[in-house]
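Reader: I would like to learn how to read a ligand site and a sheet from a set of coordinates. Could we take one example and go through it slowly?

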Amino acid sequence: MNPGADKVVYLDNNATTRVADEVVDAMLPYLKNLYGNPSSMHTFGGQVMAHIELAREQVAKLLGAQPSELVFTSCGTESDNAAILGALEALPQKRHVITTRVEHPAVRTLCAHLKGKGYRVTELGVNPKGLLDVAEFTAALTDDTAVASVMHANNETGVIFPVEDLARIAKARGVVFHTDAVQSAGKLPIDMSRSAIDLLSISGHKLHAPKGVGALYVRRGTRIRPFVIGGHQERGRRGGTENVAGIVGLGKACELAAKHLPEENSRVKAMRDRLEETVLSTIPDTLLNGDATKRLPNTSNISFSYVEGEAILLLLSRAGIAASSGSACTSGALEPSHVLRAMGVPFTSAHGSVRFSLSRYNTEADIDFTLASIGPIIAKLRMISPFSKGESKTCGGCL
Ligand code: PLP
C-alpha cells in the first residue's frame, strides 16, 4: 500500500479522531432543516429539544450515568474548567486542590492559574512508568482540600490511573473528586452507577464526534456553580444556546463507542501491540514510555534515542503517516513534554519520543505500511544526526 498524498495512515487519534459517517448523518438534519432554537416556544424549535434529550440518554448510557447528571459543554477543556472552578466556587472556605504533574494543560494550566489566585495546589508526581502512588494521594488530602483532579488515562502515554480507588479515598475525606476522562471514554468501560467519582469530563472529538462539543458528568448531589453564566439552558447549569448538531453528534458517537468498545480492547489493541513489539524488537535504542499493561489499548509512546521526535514526525508525514511527538520546539530548543519529564525519561530518549494512537478505523495494512516505513526513517536520521549517541538540546530548526 502506498498512501500517497490523498491517503493518510492516521495514527494520531489521541489528538483528534475522524468523525464517524453515522455521526455526520445524524447531525446533518440539524445543520440543514432543523435549525430551530431548542428554547423557542414554537414547535419548530421546541421539537429540537427532544433530540438533545435523546443525545443525553446516549451519552449517559456509555457512562452508566443518569441523563440528568450530564451537562453539555463546548469541549473537554471547558468540562475540566467547569468541574474544578465550579466545585471550588461552591466551597469558598476551602483553598487546597490536589492534581498531578502529568495532567493535560486543560487541568494543569488551570491549576497554575489557581496558584496565582492564592490556592494551595499539590501536584503529585509519577514513577518512571508513569504510575501514581495512591499512598501519596491519601497523604496529600487535608481538611482544607476542596477538589482532587486526577486524569483517568494520560493522553501522551495512555497510562491509566486508579481513579475509582482515589475517588473512594477522597469521598471518605469529604473531598470532591474530578477525573478527566477525555482519553478514556469509549476506550475503557466506565460505569458511574458503581463509582465514587463526582465529576467526569469527556470531549466529542476524541471519540469520533466533531470538535466543539463535550460533556461534564455531575453526580447527583454534587454542589457545583455554573462556569458559563447566562441563560437557563442545561437546567441553569451551563448558559448558552445549545450546539444542537454537535450534541446530537456526541450522542450518536457515544452510542457507537459503546458498541465498538470490545473491539478497542481486542482488534485495536492487537494492532497497537504488533506495531509496538515489532518496533521495539527490530529498531535498536528504542524504549516504551509508560507502563506496558496499565495503559489504553490504542496508545503507544516510543522513544527513539539519539534522534529528534520532530524529525521523525516530518519524515513519517512525508511518507503519509500522521503521528505525534512528545516534545515541542520552543525558541529553537526542544523541550521534552512535561509528562515524560515527570516520569524522569532521560533527555536523549524523551526528545526522540513518538506517540502512535490508533482507532477502530485503522487496518492491519496501516500497521504494515508504518512498520515498513519507520525502520528506514530512523536509520536515515541516525546516519545524518550530528548528535548520534550524543546529547542534543537544540532542534536544528526542527528539520
Ligand atoms: N484532557 C485530555 C486528557 C486531553 O487529551 C485533551 C485534548 O487533547 C483535553 C483534555 C482537552 O480537550 P478539548 O480538546 O476537547 O478541549
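**The ligand shell and the sheet**

Author: Please keep in mind that this is a predicted model.

Reader: Which polar side-chain atom lies 2.6 Å from a nitrogen atom of the ligand, and what lies by its oxygen atoms?

Author: A polar contact is read as a pair of N or O atoms within 3.5 Å. The nitrogen atom has a polar side-chain atom of D180 at 2.6 Å. A backbone N or O atom of G76 is 2.8 Å from a ligand oxygen, and a side-chain N or O atom of H104 is 3.3 Å from a ligand oxygen. Of the 390 Å² that the ligand exposes when taken alone, the protein buries 89%.

Reader: In what order do the strands of the sheet run, and which stand at the edges?

Author: Seven strands form an open sheet of mixed pairing, in the order 2-8-7-6-5-3-4. Strand 2 (70-73) and strand 4 (120-124) each have a single partner strand, so one side of each is left without a neighbour in the sheet.

Reader: How many bridges join strand 2 and strand 8?

Author: Strand 2 and strand 8 (residues 214-218) pair in the antiparallel sense over four bridges, and V71 has L216 of strand 8 as its bridge partner. Helix 2 (residues 43-63) packs on the sheet, touching strand 2 and strand 7 (199-203), and its direction makes about 110° with that of strand 2.

Key: Residues are numbered from 1 along each chain as its sequence is written. This is a predicted model: local features need pLDDT of at least 70, side-chain atom pairs count only at pLDDT 80 or more; totals for chains, interfaces and linings use all residues. Side-chain values use heavy atoms; hydrogens and water are left out. A polar contact is a pair of N or O atoms within 3.5 Å; within protein, one must be able to donate a hydrogen and the other to accept it, and residues adjacent in sequence count only if both atoms are side-chain atoms. Accessible areas come from the Shrake-Rupley method with a 1.4 Å probe; for residues, only the protein chains shown count as cover. Two strands pair if DSSP finds at least two bridges between them. Helices (H or I, at least four residues) and strands (E, at least two) are DSSP runs, numbered from the N terminus. Contact means heavy atoms within 4.5 Å. Axes are lines fitted to C-alpha atoms, for helices over the stretch in contact, and angles run from 0 to 180 degrees between N-to-C directions.
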